[in-house]
Amino acid sequence: MARIINLEHISSQEAMTFLQPMISKDGYISAFGPGNMLLLVDSSLNVQKILNILQLVDTDQKREGAELVFLKNASAESISSVIKEWLGGKDKGARPAGQQAAAPTGTGLVLADPRLNALILFGSAKDKEDIKKFIAQLDIVPPTTSSKVNVYYLENADATEVAKVLDGVVKGSSAAAAPGQPGAAAPQQSVFEGGKISITPDKATNSLVIMASPTDYQNLLQVIQKLDRRNRQVFVQATIAEVSLDKARELGVQWGIFGGAVTSDGSVATAGVYDPMGTFSTIAGAVSPIASLADISGLKLSGAANFPAVLRALQSNGALNVLSTPNILTSDNKEAEIFVGENVPFRGSITYGASNQINPQQSIERKDTGITLKIKPMVSEGEYVKMDIYQEISAVKDATSTGAAADITTTKRSAKTSVVVKNTDTVVIGGLIQDQDQETISKIPFLGDIPVLGWLFKTKSLKRTKTNLLIVLTPYIIKDSVDMGKVSEMQKNRFSEQLKSDKPIDFDKELKVKANQ
């Protein structure tokens, strides 16, 4: 026979679990969950036995000794759900092997009261005592990581920069988990649970205010701790020198003619001077220091014509000029700049009024001129330092008058490069800035053009200019206070040596010292 059994107090799943062993081998039993009913197909005798059993089981549950437990820190709903899961696991662990699990209602009953934030316990004294011990373990002050609002104080990194990185991580993870177009590859699973994650930097305390679930905060915390590390520092010794290979050579003869008629009393009445190459001024400058010794100042020429001559044979060489020796200490991957110079006014634009064209208004613009050095070091693996370098040397050359004002001309030499240097090694950056040959011939007209003999009446000067700018850099990686102490002691000794010495900087010695270091 077949029978539909309507249950009132217990669930159909619970009833089917403990009735299944009583069904004969030809019988059948199934549960209809929404209606809480059982379908039973078996012999009439067996069906009657099952109905008798259900009449005893399907009754109101006994609620013994209701007890109220107030909670201090946790919420009643969350604790109630945890206890019910715990009771279900406890019942399951007490069952024999092979028996199916039942709903956790046999050992006690727990009801949550949100108004009082309390739990109502039912059951035997032993069951209530076990539940109260478990509640005491759960009803504690939650740790910081379990809160949805957390504040993390950074020690080394900048809060604003770290917040940008974290925002990119959160947005990238959300985009990867978003559904794509039909036919596209399946999206990657997001590392975050979901919900809105807010990251706000606080500049005043250099901290991050993070609103996220505890699990998401733990994931972000791993990234924050790796970003918030102490950066290494780099100390860079620099020497900026200018090598001016200026060579000037002048060779030739300067002639002049002086003629006059002398009167009876010894004074010159008439005279003629032909001095196209400044011969007499050269002679005057040469004899003036010894005029008082040889009485040359009273020299009188009595001949009709005199041909004084000056032989010019001069040669000059350039020299090395150390412009600056700056030292820069900066953090890894942070640009440092040093400037030594002055602020020079330059003429700007001229503005004329609509009705007055006589008194124009002229603006003045001030610009920095001098030595500028910018270095951005980046420490890589193997104790190597990559340096982005920009160096500029500017100076005021001369001023040319233009009307009532003067235009200032400046010279500028700059170098921009990127090099990789091993720790404490020296790199020299240089380049030929200018290479110019200038030849000048000064001669007496007509006479200087005579073949062969014309060299007696002309002077030839040759000037060669070569300017080379050298930048010598030596980086020192500073990992801790010990390295900082070594660099400080080295700088103190170098400063003391410079104070004791009255000689200019020896560039060759500086190169050897840097190479040995």
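An open sheet of three strands runs in the order β4-β6-β5, with antiparallel pairing. Its edge strands are β4 (67–70) and β5 (109–113), each of which pairs on one side only. On average, neighbouring strands of this sheet are turned by 25° against each other, direction ignored. The model is predicted. Its mean pLDDT over the chain is 74, and 67% of the residues reach 70 or more.

- β4 pairs with strand β6 (residues 118–122) in the antiparallel sense, over four bridges.
- Leu-68 stands opposite Ile-120 in β6.
- Strands of a sheet pair through backbone hydrogen bonds, either parallel or antiparallel.
- Helix α4 (residues 125–138) lies across β4, β5 and β6. The helix runs at about 155° to β6.

**Aromatic pairs**

- The count comes to two aromatic pairs.
- Trp-86 and Phe-134 form a stacked pair, because their ring centres are 4.7 Å apart and their planes stand at 15°. Planes under 30 degrees apart count as stacked.
- Trp-86 lies in helix α3 (residues 76–94) and Phe-134 in helix α4, so this pair ties together parts that are 48 residues apart in sequence.
- Trp-86 is partly exposed, with a relative accessible area of 28%. Phe-134 is buried, at 17%.
- Phe-235 and Tyr-476 form a tilted pair. Their centres are 6.1 Å apart, with 40° between the planes.
- Phe-235 belongs to strand β10 and Tyr-476 to strand β23 (residues 458–478). The pair links distant parts of the chain, 241 residues apart.
- Phe-235 and Tyr-476 are both buried.

**Strands β10 and β17**

- Strand β10 (residues 233–244) pairs with β17 in the antiparallel sense, over five bridges.
- Val-236 stands opposite Ile-328 in β17.
- In a regular strand the side chains alternate between the two faces of the sheet.

**Helix α6**

- Helix α6 (residues 214–227) has 14 residues. At 1.5 Å a residue, they should span 20 Å. The end C-alpha atoms are 20 Å apart, so the model agrees with that expectation.
- The buried residues of α6 are Asp-216, Tyr-217, Leu-220, Leu-221 and Ile-224.

**Thr-369**

- Thr-369 lies in strand β19 (residues 361–380).
- Thr-369 has a relative accessible area of 6%, so this residue is buried. The cut-off for buried is under 20%.
- Beyond its neighbours within four places in sequence, Thr-369 is in contact with Phe-339, Gly-341, Glu-342, Val-344, Phe-346, Ser-394, Val-396 and Thr-410.

- Among the elements of the chain, strand β9 (residues 207–211) has the highest mean pLDDT, 92. Helix α8 (residues 291–294) has the lowest, 44.
- pLDDT stays under 50 over residues 290–302. The model has eight contacts for this stretch beyond four places in sequence.
- pLDDT also stays under 50 over residues 93–107. Here the model has 17 contacts beyond four places in sequence.
- Where pLDDT is low, the predicted coordinates should not be read in detail.

Key. Residues numbered from 1 in each chain as written. Predicted model: local features only at pLDDT ≥ 70, side-chain atom pairs only at ≥ 80, totals over all residues. Heavy atoms only, no water. Helix = DSSP H or I, 4+ residues; strand = E, 2+ residues; numbered from the N terminus. Buried < 20%, exposed > 50% of the residue type's maximum accessible area, 1.4 Å probe, protein only. Contact = heavy atoms within 4.5 Å. Pairing = 2+ DSSP bridges. Axes fitted to C-alpha atoms, helices over the stretch in contact; angles between N-to-C directions. Expected span 1.5 Å × (residues − 1). pLDDT = per-residue confidence, 0-100. Phe/Tyr/Trp six-rings, centres within 6.5 Å; stacked < 30°, edge-to-face > 60°.
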